[in-house]
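Visitor: Please take a close look at one part of this model and describe how it is built into its surroundings.

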Amino acid sequence: MNTEANKKIVLRFNKEVIEQGNVDSFHELMHPDFVNHSAPEGSQGAAGMIYTFNQILRPAMPDLKVTVFQQIAEGDLVTTRKTISGTMTGTLLVIPPTGKEIHISVIDIVRIKDGKYYEHWGINTLPTVLDTLKKQ
C-alpha cells in the first residue's frame, strides 16, 4: 500500500472507531497481531484499545470528536497529530462529570500491515487533563 492509502486507513480509524465508536470498523481495521506499545503491559492488544475508547472516553464524553490536524506518512508508518475533545458529562476514570469541554492532544504513530493497524505508539495529554480536573 502507498502512503496516501495508509493515511486514509488511519483517518478512517480516527473517525469511525474513535469518534463514532463503530466496533465493526474496529474489527475490520485491526490486524490480528496488533500491538499497542503505549499501553500498559497486559492491555497491549486490540481489546485494550477499544476498551479505552468505548468504556473510558465515550461514557465520559458522549459527544466525543476527533480533530485531525496533520498526518505524515513514510513507508508503512503514519504519524497523526490530533485532538480528542468532548463535553465531560460522565465520569472520566475516577473524576466526576464537570459539564465542561475537555481537549486531549495526541500524537500517534501507526504501522499499517495488510491494510490494518499492526502497531501503535502514542503520546497524549490525558494525564495533564486529569490533573487539571482533579484540582478543580
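Guide: In strand E5, Glu 119 has Arg 111 standing opposite. The model is a predicted one, in which local features need pLDDT of at least 70 and side-chain atom pairs count only at pLDDT 80 or more, while totals for chains, interfaces and linings use all residues. Residues are numbered from 1 along each chain as its sequence is written, and side-chain values use heavy atoms, with hydrogens and water left out.

Strands (E, at least two residues) and helices (H or I, at least four) are DSSP runs numbered from the N terminus; two strands pair if DSSP finds at least two bridges between them. E5 covers residues 116-124. Strand E4 (residues 101-113) runs antiparallel to E5, and eight bridges join the two. Together they form a hairpin with two residues between them, and Asp 114 in the turn has a positive phi of about 55°. Strand E1 (residues 30-36) is joined to E5 by three bridges and runs parallel to it. Here Asn 36 stands opposite His 120 of E5.

Rings of Phe, Tyr and Trp (its six-membered ring) pair if their centres lie within 6.5 Å; planes under 30 degrees apart count as stacked, over 60 as edge-to-face and the rest as tilted. By this rule there are three aromatic pairs. One of them joins Phe 13 and Phe 26, with 6.2 Å centre to centre and 50° between the planes, a tilted arrangement. Because Phe 13 lies in helix H1 (residues 3-19) and Phe 26 in helix H2 (residues 23-29), this pair ties together parts that are 13 residues apart in sequence. The ring centres of Phe 13 and Tyr 117 are 4.1 Å apart with the planes at 25°, so this pair is stacked. It links distant parts of the chain, since Phe 13 in H1 and Tyr 117 in E5 are 104 residues apart.

Buried means under 20% relative accessible area, exposed over 50% and partly exposed in between (1.4 Å probe, protein chains only). Phe 13 and Tyr 117 are both buried; the relative accessible area of Phe 13 is 2%, and Phe 26 is buried with a value of 2%. Other buried residues of H1 include Ile 9, Val 10 and Val 17. Just after H1, Gly 21 takes a positive phi of about 70°.
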